[in-house]
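I opened my notebook to look up a few things in this model. Here is what I wrote down as I went.

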Amino acid sequence: MARGTRRVVDDNNPPDEEDLQEINGKLTEEEKARRAELEKLPMQAELKNLEKRWTKKGRGYITEPKDDDDVPEESINWYEKFALCITREYDSQNKFVLKTRLQVNSPSLKKLLKDVIGTFPGLSFLTANITIDSPYRVLYHYRQEFLDELEKISPDSELGRHLPILLRFLEEEFIDTINETNNLNPQGLCSYDTMWTLFRPGIKIFSRLRGQNRAFKLNSYQYTSSQCGDYLALNVDYIDYDGDDFGTRSQTLSVPRFSGAAPVTALNAFPLARHPKALEISKQLIARGKKWEEINAAGQSFMDYKGIAMKTTFPPGRHNIDCRVMIDTATFHRIEADDTFNVTALPLSDAQKAKATLLQNDPDVLSVTNGDKDLLLVDREPLTDEQRLMATPMTRGFAFTDKLFLDFFVDNLTPIEWNTSCFEQLVLPTSQKELVQALVAEHTQRDNGSGKSFDDIVKNKGLGLILVLHGPPGVGKTLTAECVAEFSKRPLYIVSSGDLGTTSSVLDDKLSRILDLASTWKAVLLIDEADVFLERRSLNDMERNSLVSIFLRTLEYYSGILFMTTNRVRTFDDAFKSRIHVPLKYEELPHSSRVTIWRNFLDKIRSSDPASEGGVVVDVDGAGYERLAEAPLNGRQIKNVVRTAKSLAGYRGGKLDVEALLRVVEIQMAFEEELGKAKGDGMEIDGVEK
């Protein structure tokens, strides 16, 4: 159709009579005839160029591009007459084009877009009216699907006549992009300006973050800039766990501007399908995602960890962790409330929806939830492989050695190898050892719901197991608590007076938090060197009295297993005596016990460092153990001697015999002799005069 000056009123902003007088005017007979002819015709298989302009009163109307503003016309609905229309919308002064839109009018094209695309970020092809703002990248992304569809349909059908119009428009609109990508793609290259063609929303994106391979689902992309320069921003989704639900979280990946052509696989992020080992990477990510799912689905997972962990709370940092950790996102978010996140819960499957519907109508269930249907419990279904592929490689928990809540890498988590026979190596009188084992076993059964509780008159009071271990250093006090944790397969949470603070306000807060965590995880709690909190109260020291009172009150309602070590039982406050279930006194090690300890440590070297694998050869017989045990060393000193002598033997490439051990013992004894002189001068060691 020839360029003319026909106009149509914009239905979204209808004019009044004065506007119509401005828009409409007299038509020539020739224009009237052409107008009448056009209205009789069906929708034309054409792309029609139009403009949106404005009257003097600010009313918008649609018109053909024109050369003469003074020639008015009567209205016509162009969108009913052409399969596609391009409309350039001007500003209110009709001087500048604000935006350009593609209007899809063909019913067959609308159906095709609905079937092939459906929804797209910021667009829906499920509506009656389909308008796409320039640039038309959404259509470019599906250009190949349109070409495939064209080969299937009859050229005489409506779609067969209208689809080529859309394809010709795309070829003209993206001619430079098509030529450049056809040139670079076969070589595995891309340019910054045409890089967007790689990122069709919905595809899987590969990237490496914090040294970890990651897969994401692409939501949208946008060229943008910041103080650091220009970049392509990719909005992506991944799977995470917030302590309550598995669901999706979003983040932005950036691909900075680059010059010339670059390999696709060298980009910060690129389509997973373009990875040279896409299948292998996908299998690895799915396997990691399954492990991540199992760990988090348990709610609490007590595991070993070795590697770097991330601290995101202030001050943030990286920590090298080699200890046992508790994976527990829910408790992390409860304690570290300033560093929480929420996920968008995964949609329920058809089976889950059906069960939820039944539960909603069950009066017994609604009575339990007080009528709150949001609390209905529907069995969680396992994640799909696609969801596991996109799972984060990190999970949240607590490191017991560092006493920090951290983000851990799943690959560095391993199951714990429990040493349930450690009680056999604990050098204690048999009666004491059996008593501890019996009390721990009974308390563990009660915690698991299989034992009967001996409750106090006041409910939930006095349900804990409190043991005080007192005696000189290095005789096995801490080791006893460690063996109890291994025997009961529970975490061991060790704290000292430095962790608790020395003021009443700090102690109250920190002790409550520590006991909260120990109770939540059913941990064996060891308060090392608890003298400052157990010391007898006086009339002159109100701060100490506050410390002791807080300690007494808190322990009264603690229901877990608590060990306290001290060297000053004579200074105990009387109120503590009745709260201690088992006081265990540790004496200086006799000769026979030292023999056993020497044998245990050297046997451990034999089993963990066999000579057949180039390890240290241990050459100590029964007589050698007797000679070694003559030195009055405690267990910790013996361990240090064995460790030092082993390092020396490994350096020299020799064997670890009695003579090598005795040389290190002599050094240790010389040090002890100097300490003995210091004691003779009136100094105290470990708070105990000897």
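**Entry 1: aromatic pairs**

I began with the rings: my search of the whole structure, a predicted model, turned up 21 aromatic pairs. I noted each pair by two values, since a pair of aromatic rings is described by the distance of the centres and the angle of the planes.

The pair I looked up to begin with was Phe174 with Trp196, which is tilted, with 5.9 Å centre to centre and 50° between the planes. Where in the chain do Phe174 and Trp196 sit? I found Phe174 in the loop between α6 and α7 (175-184) and Trp196 in the loop between β9 (189-191) and β10 (204-209). The two residues are 22 residues apart, and the pair links distant parts of the chain. I also checked burial: both Phe174 and Trp196 are buried.

Next I turned to Phe332 and Phe405, an edge-to-face pair with 5.4 Å centre to centre and 80° between the planes. This pair also links distant parts of the chain, with Phe332 in helix α9 and Phe405 in strand β20 (residues 404-409), 73 residues apart.

I then asked which residues form one aromatic cluster. My list reads Phe302, Phe332, Phe398, Phe400, Phe405, Trp418, Tyr493 and Trp521.

**Entry 2: Thr331**

I stayed around helix α9 (residues 329-335), where Thr331 has its place. With a relative accessible area of 4%, Thr331 is buried; the cut-off is under 20%. What does Thr331 touch, leaving aside its neighbours within four places in sequence? I wrote down Phe405, Leu517, Thr520 and Trp521. Of these, Phe405 and Trp521 are listed in the aromatic cluster above.

**Entry 3: the five-stranded sheet**

I looked up an open sheet of five strands and noted its order as β23-β24-β25-β22-β26, with parallel pairing.

Ile466 stands opposite Leu562 in β25.

Helix α15 (residues 477-488) packs on the sheet and touches β22, β23, β24 (524-528) and β25. Its direction makes about 170° with that of β24. Helix α17 (residues 504-520) lies across β23 and β24, and runs at about 170° to β23.

**Entry 4: α5 against α6**

My next stop was helix α5 (residues 143-152) and helix α6 (residues 158-173), whose axes come within 10 Å and cross at roughly 150°. The crossing of α5 past α6 is left-handed. Which residues make the contact? From α5 I noted Arg143, Phe146, Leu147, Glu149 and Leu150, and from α6 Leu159, Leu163, Pro164, Leu166, Leu167, Leu170 and Glu171. By class, that contact has nine nonpolar, no polar and three charged residues.

**Entry 5: the chain overall**

The protein chain has 24 helices and 28 strands, and buried residues make up 44% of its 690 residues. Among its contacts with a separation of 6 or more, 69% come from residues 24 or more positions apart.

Methods. Residues are numbered from 1 along each chain as its sequence is written. This is a predicted model: local features need pLDDT of at least 70, side-chain atom pairs count only at pLDDT 80 or more; totals for chains, interfaces and linings use all residues. Side-chain values use heavy atoms; hydrogens and water are left out. Axes are lines fitted to C-alpha atoms, for helices over the stretch in contact, and angles run from 0 to 180 degrees between N-to-C directions. Helices (H or I, at least four residues) and strands (E, at least two) are DSSP runs, numbered from the N terminus. A crossing is left-handed if the near helix is turned anticlockwise from the far one by less than a right angle, and right-handed if clockwise. Contact means heavy atoms within 4.5 Å. Ala, Val, Leu, Ile, Met, Phe, Trp, Tyr, Cys and Pro count as nonpolar, Asp, Glu, Lys and Arg as charged, and the others, Gly among them, as polar. Buried means under 20% relative accessible area, exposed over 50%, partly exposed in between (1.4 Å probe, protein chains only). Two strands pair if DSSP finds at least two bridges between them. Rings of Phe, Tyr and Trp (its six-membered ring) pair if their centres lie within 6.5 Å; planes under 30 degrees apart count as stacked, over 60 as edge-to-face and the rest as tilted.
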